[in-house]
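The entries keep to what I looked up.

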Amino acid sequence: MMRAVTIRAHGGPEQVRVDDVPRPKLQGPHDVIVAPRAGALNHLDLFVLGGLPGVTHTFPWVMGGDGAGLVETVGEQVTRVKPGDRVLLNPGVSCGGCDFCLGGEQSLCDTYSLLGEHLPGTLAEAVRVPEANCYPVPDTVSWEEAAAYPLAFLTAWRLLATKAQLKAGETVFIWGIGGGVALAALAIAKLLGARTIVTSSSDAKLARAKTLGADACINHRAQDVVQEVRRVTEGKGAEVVVDSVGTKTWETSLKVIARSGRLVSCGATTGPQVTTDVRRMFWHQYTIMGSTMGNRREFEAIAGLLARGRLRPVVDAVFPMEEARAAVERLARGEQFGKIVVRIA
Ligand code: ZN
C-alpha cells in the first residue's frame, strides 16, 4: 500500500483526502515506477474533482498531473532511466503507434491521456509512467520547482513558440496573471523577446507580475481592457492573445488582437460557449487556434530550458501531503500567484 491524495466521489474540495491505496506495479517492459517527491495542482484537478463529461473515474482516484521524483523500479526493456535517477514527468501519455504519434504529435494522439485525469496521478508515494515520460532534472532545480513546471510550461511553450510562432518585438496579451499557464506564458514571452501585457482583478498580483517583467499591467475589474490595450500598443493591438478563460473573456480577446494577429485558446475555465463576429475575423485577418499540452520535442525543449536555468516556475505555496485538501481549497478560491505544490515525504 501507499499514501496518496485521493478523491472518494465527485464534488468539491471536501471530497479530497489522504488515503492508503494499492501501490502501482510495473505492467509493461517500458514502464517505470517513480516515487514523486513533490506534485503540483492545476485547474484540471478541479475539473476532475467536479467530474468531466466522458471521463469515468474509479474511486478512490489518485489526483495530480504534475510531479517530479526519483525512479524506483524500471521494466526490463527500459533504457532511458535507471533506479535513483531524478526525473520530471511529462503528464501526457500517448500510444506511440497512431498516425499522430508516428508523426511526432503526441498531444494529438488518438488515445492521449493525462496523469490524474485518465490515469492515476502524481500526488502519491508512487506512480507508474512509460519511460518516454521521464526526463532528467538536475539537482540545481528543487523538487518543488520541478513539480511546478511541466503542465503549465509545456502548454505555454506549444501555444506561444509552436502555434503562435511568437517573434521578438511582438506584443503578447495574457489574461489572469497568477494562473500557472499565464505565468509560464509571461516567462516564455520574455525569453522569446516579446513585449507583454497582463491582466488581473488584483493589484497585488499585477505588482508581482511587474517584478517578473510584465511590460504593461491592466486591472480587468477596474479598467477598460480594450482601451488600455489600444493605448499601450498605440492603437495596434496585441499580435498574440492567450485565452484560457473562455466565455467571460472571448469577445474582449477578439477586440484586442492586432490585424493579422493570432488568438490561442488553451482552456475555458469560465465556460466553453463563446461568440465570434466572423466579419471582424476576416476583415482583420486574424487567426484563432487551439492548443493543448505538447509533443515530446516540445517537452524536451522546456526540460532543457529548466535544467539550464533559462525558465523557472513561480511557486505560490507548498503544502505537506497530509494537508492536500487545504491546497485544493486554495486553488478553488483562485488566490494563488503561481503553482500550488504538494510535498510528498
Ligand atoms: Zn498515439
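**Entry 1: the model.** I note before anything else that this is a predicted model.

**Entry 2: the zinc site.** I looked up which residues coordinate the zinc ion. I found the SG atoms of Cys95, Cys98, Cys101 and Cys109, at 2.3 to 2.4 Å. I then checked the geometry: the angles among the four donor atoms run from 103 to 116°, and the site is tetrahedral. For comparison I wrote down that the ideal angle for four tetrahedral donors is 109.5 degrees. Along the chain, I read the spacing of the donors as C-x2-C-x2-C-x7-C.

Are Cys98 and Cys109 buried or exposed? I have both down as buried.

**Entry 3: the largest pocket.** I looked up its volume, which is about 1400 Å³. The lining of this pocket holds 46 residues, and those closest to its centre are His43, Gly179, Ser244, Val245 and Thr269. I listed the elements that give two or more residues to the lining: helices H1 (43–50), H4 (150–163), H5 (180–191) and H11 (324–333), and strand S18 (339–343). By class, I recorded 23 polar, 17 nonpolar and six charged residues in the lining of the largest pocket.

**Entry 4: the second largest pocket.** I have its volume as about 600 Å³. Here 33 residues form the lining, with Gln27, Leu119, Pro120, Arg128 and Val129 closest to the centre. Strand S4 (61–62), S7 and strand S9 (127–130) each give two or more residues to this lining. Which element gives the largest share? I found that S9 does, with four residues. The classes in the lining of the second largest pocket are 18 nonpolar, ten polar and five charged.

**Entry 5: His57.** I found His57 in the loop between H1 and S4. Why does His57 count as buried? Its relative accessibility is 8%, and buried means under 20%, so His57 falls in that class. I also looked up a contact of the His57 side chain, which reaches the backbone oxygen of Glu117 at 2.7 Å.

Key. Residues are numbered from 1 along each chain as its sequence is written. This is a predicted model: local features need pLDDT of at least 70, side-chain atom pairs count only at pLDDT 80 or more; totals for chains, interfaces and linings use all residues. Side-chain values use heavy atoms; hydrogens and water are left out. Donors are N, O and S atoms within 2.8 Å of the metal (3.2 Å for Na, K and Ca); water is not among the atoms, so sites may look incomplete. Four donors count as tetrahedral if all angles lie between 85 and 135 degrees; four count as square planar and six as octahedral if opposite donors are over 155 degrees apart and all others between 65 and 115; anything else is irregular. Buried means under 20% relative accessible area, exposed over 50%, partly exposed in between (1.4 Å probe, protein chains only). On a 1 Å grid over the protein atoms alone, a cavity is a set of points where a 1.4 Å probe fits but cannot get out, and a pocket is an open set with protein on both sides within 12 Å along at least five of seven lines; lining residues have an atom within 4 Å of a point. Grid points are joined across faces, edges and corners, and a volume is the space filled by probe spheres set on the points. Ala, Val, Leu, Ile, Met, Phe, Trp, Tyr, Cys and Pro count as nonpolar, Asp, Glu, Lys and Arg as charged, and the others, Gly among them, as polar. A polar contact is a pair of N or O atoms within 3.5 Å; within protein, one must be able to donate a hydrogen and the other to accept it, and residues adjacent in sequence count only if both atoms are side-chain atoms.
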